[in-house]
Amino acid sequence: MPDFKEEIRKRLAQLRLSPMREHEIIEELSQHLEDEYENSLRGRVTEEEAFQAVLLRLDESNLLGPELNRVEVQTAQESTATGGERKSNMFADLGQDFRYGLRMLVRAPAFTTIAVLALALGIGANSAIFSVVNTVLLRPLPYKNPDALMMVWENATHLGFPINTPSPANFIDWREQNTVFEGMAAMAQSSFNLTDVGEPERFTGRRVSANLFSLLGAEPQLGRTFRPEEDKPGTRVAILGYGMWQRRFGGDASIIGRAINLNGELYTVVGVMPKSFVEIPSFDNWKDQLWVPIAFSSEEATQRGNHFLEILARLKPGITRQQAQAEMDTIAARLAQQYPDYNTRIGIIVKPLHEQVVGNIKGALIVLLGAVGFVLLIACANVANLLLARAAVRQKEIALRLALGASRSRLTRQFLTESVLLAAIGGGVGLLFSIVGINVLKTFIPDTISQAQSITVDGKVLIFTLLISLVTGVIFGLAPATQASSFNLNDTLKEGGRDSGASSRGNRIRNLLVISEVAISFVLLIGAGLLINSFLHLRNLDPGFRADHLLTMKVVLPELKYPDKQRRAPFYEEVLRRVRSLPGVESVAFGGNLPFTYNGDSIFISIEGRPDPAPDQQVDVVTRVVSPGYFHTMGIPLVQGRDFDEQDKVDSTQLVVITQKTARHFWPGENPIGKRLKPGSSTSESPWREVVGVVKDVRQNDFLAEPKLQMYLAHTQTNAFAPNALVVRTTVDPLSLAATVRRTIWEVDKDQPVSDIDTMESIVSHAVARQRFSMVLLGVFATLALVLAAVGIYGVMSYSVAQRTREIGIRMALGAQRSDVLKMTVMQGLKLVLTGVVIGLASALLLTRVMASLLFGVSATDPATFLSISLVLTTVAVLASYIPALRAMKVDPMVALRCQ
């Protein structure tokens, strides 16, 4: 490109213009002439012809004259060079800086595009994750005075349940004896079969105290909430959730006052909750779709051994959580003295509702927010390096401004303005990226995260994006601005800018930025490596069954229609017979509460020939009711004895199958086959049950937790529990049989709902969804950081090679081999990388400790992870240095020397 600035300067010399006028004309007109030159070249003329055409254009009076007149008007108000000191309006100065910065960015489209994309990725990732944090952690719950809402649980740590559901009798005593709560409400999970309205369907919901909605301060969209007098046995009223109302009743407002058939009984709909109503958290992520009064029967109200409630309470004004906890501790101690058989060592936990809603995702979100912050810092370092290189190219321009009277502080401000402008553009693009990112996030955010689907870009996110863009602009612009304004004016003017960019100070700043990028990338990669390693350990755990080719579905029989085992048995047998004959079915069985779908149904047992343990020494055993063939269908190995069979009827010997852990606990070193146990105390009316089989331990409640003591009962020999799930092992894709199996069940009972159709592999996958969510996101951010760091190393090394062309030429002219130049360049990059790795290693040893709660089967300082990540990062960095090194190796000594 010809130097049009010099041509313009020659023509202006005789006019004796002020420095300001001359500078403005040169800057404005040179850009115009360069555009004219490029347009001429597109017309297939030679470079010389294009240059002469532009000179002719320059000599035309109608081009230079108007430009002089325009600047004359401007300089009547502004008489110093751009960036110079003068007494003027600060906003006018900022406007001038803004316009000039925008022109400079437009004139360097490649630089601007790369910088904006780097910043957009960093800012967009931060905005997306902050949107999640804002919705889940920061946004207040949509209830009246939500900070006063508490969840109250039993503490049965000695039984393996640090957070346990209370019993009805305990709840009633808590409600009557406390003085710290305005009110307490009980909730109990329940399912409802809706019939007589289209296809039969099962809905999950809860029985609740009549005062639940008033405690929350939640108003219905239609109708009303429950009245106190409706919280008694025999009352049949219901409140619908918004989703159920829309899907099953088409949003019909006349639903209020109508009767619907739930579990074979007619309930009158009295209200519909709004779409914005946030579900109350449950013990195992239960989803409420409707509510009915809890209406304790006289028998339920006296139960202390049956734990199934969830309790919500509201603190009185002026009462703190600590005060409430202290009083509830006193009540727990009092109940332990009054009811030692049930309440010995049973404590009470008062937990804020918001903390309950957030659950165990808080730590993961904080780690992810820190990770995207690191990604943004790496992006800033890259852009800062780009600006440093650009400042070196613009050094002659900066020196000219200083010579024309501009102060160094004004130049610093000019460069910061350009940086903030660049960051603002990057923030705008990043906001668009974040909107796309949020939509992607929603597809795999665990459904255990409350309000996950309401995550959006709101006012807080916009303010966050604006602030982070401004701060980012200052961060990455400060070093280049300081460096650019501190050039030695005399040296620059004398040397004409030769090799100015290779100054030792500039190199040091660029090297420090690269070291920082490598160190931060190392920390992120270590975090991602630990989570990946942890997730692999998790997925390699044996759940105790085979999840492949297993179709599952809920089949909950209504108690009114199937009140006992005699009525249920014919239904189960007929369904099993029909499904077993379907093509593609290998085996089929009924079971109660499949693994990872429910945390309840655990009872204390007695062992024949042994005295009952003291109340605080009792151990609960998870109990499941199954049909014959359940273990074979689920792929649970039979270790000893036999399975249930068709001969195990109601009137035959009462049997039980236990797990290995249960056998070791109650009969260590003995053969458990033939031993007898009884649910409840040895004096209870429950029959003694003979152990006929031992099966492998199954992870029933939590994939991460060790299996608890477990036993299985035959469905034909118990009334207390009923199978509620059908499992089908197939030889084909399980879901391809779902519709056929459902129709087969309806052939047996046309009013029986079939719900929650899924594969067992999907259920297992959901059990580790939180760990997968953390691993995937941190892995993505770490990969992005690695790419950005590699680009940064490549950029610095490329710039170093370009600035050292003369030095490399001299070395090669004096006898240096090309391999020596290659080695020298690669070693230069390797030193930076190794320094960054060492710093990152020290940082990672400290920072990864905060991830300990997110890890499983691997320590926060796992040597294998640290070693492998070090090798990966070093390899990538060496490759990033190798490409510029190859270019350095190809330098022609004579060409390099002539260029200087």
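Helix 19 (residues 565-580) and helix 22 (residues 738-748) of this predicted model pack with their axes 10 Å apart and at an angle of about 140°. Helices here are DSSP runs of H or I with at least four residues, strands are runs of E with at least two, and both are numbered from the N terminus. Axes are lines fitted to C-alpha atoms, for helices over the stretch in contact, and angles run from 0 to 180 degrees between N-to-C directions. Helix 19 and helix 22 are therefore oblique to each other; angles under 35 degrees count as roughly parallel, over 145 as roughly antiparallel, 65 to 115 as roughly perpendicular, and the rest as oblique. The crossing of helix 19 past helix 22 is right-handed, where right-handed means that the near helix is turned clockwise from the far one by less than a right angle, and left-handed that it is turned anticlockwise.

On the side of helix 19 the contact is made by F571, E574, V575, R578 and V579, and on the side of helix 22 by V741, T744, I745, E747 and V748. Contact means heavy atoms within 4.5 Å. By class, the contact of helix 19 with helix 22 has 6 nonpolar, 1 polar and 3 charged residues. In this grouping Ala, Val, Leu, Ile, Met, Phe, Trp, Tyr, Cys and Pro are nonpolar, Asp, Glu, Lys and Arg are charged, and the others, Gly among them, are polar.

E747 belongs to helix 22 and counts as exposed because its relative accessibility is 53%. Buried means under 20% relative accessible area, exposed over 50%, and partly exposed in between, with a 1.4 Å probe and protein chains only. The C-alpha atoms of E747 and V575 are separated by 8.8 Å, although these residues are 172 apart along the chain. R580 lies in helix 19 and, at 41% relative accessibility, is partly exposed. With neighbours within four places in sequence left aside, R580 is in contact with V585 and V588.

Helix 7 passes helix 10 in a right-handed crossing. N170, D173, W174 and Q177 of helix 7 meet E327, M328, I331, R334 and L335 of helix 10. The residues of this contact divide into 4 nonpolar, 2 polar and 3 charged.

Helix 7 is mostly covered, with 7 of its 10 residues buried. The buried residues of helix 7 are P168, A169, N170, F171, I172, D173 and W174. Their cover includes strand 1 (149-156), strand 3 (181-195), strand 10, helix 10, helix 11 (340-343) and strand 11 (347-352).

Several loop residues were also examined. A295 lies in the loop between strand 9 (290-293) and strand 10 (309-315). Its phi is positive, about 45°, although A295 is not a glycine. A295 counts as buried, at 15% relative accessibility. N593, in the loop between strand 13 (585-591) and strand 14 (602-607), is another residue other than glycine with a positive phi, near 50°. At 9% relative accessibility, N593 counts as buried.

D643 is placed in the loop between strand 16 (638-641) and strand 17 (655-659). Its relative accessibility of 18% makes D643 buried. D643 and S627 are 16 residues apart in sequence, and their C-alpha atoms are 9.6 Å apart in space. Leaving aside neighbours within four places in sequence, D643 is in contact with G629, Y630, F631 and L638.

Over the whole protein, the secondary structure comes to 28 helices and 22 strands. Of the 900 residues, 52% count as buried. Among contacts between residues at least 6 apart in sequence, 80% join residues at least 24 apart. The protein exposes about 39400 Å², of which carbon and sulfur atoms supply 57%. Accessible areas come from the Shrake-Rupley method with a 1.4 Å probe, and for residues only the protein chains shown count as cover.

Residues are numbered from 1 along each chain as its sequence is written, and side-chain values use heavy atoms, with hydrogens and water left out. In this predicted model local features need pLDDT of at least 70 and side-chain atom pairs count only at pLDDT 80 or more, while totals for chains, interfaces and linings use all residues.
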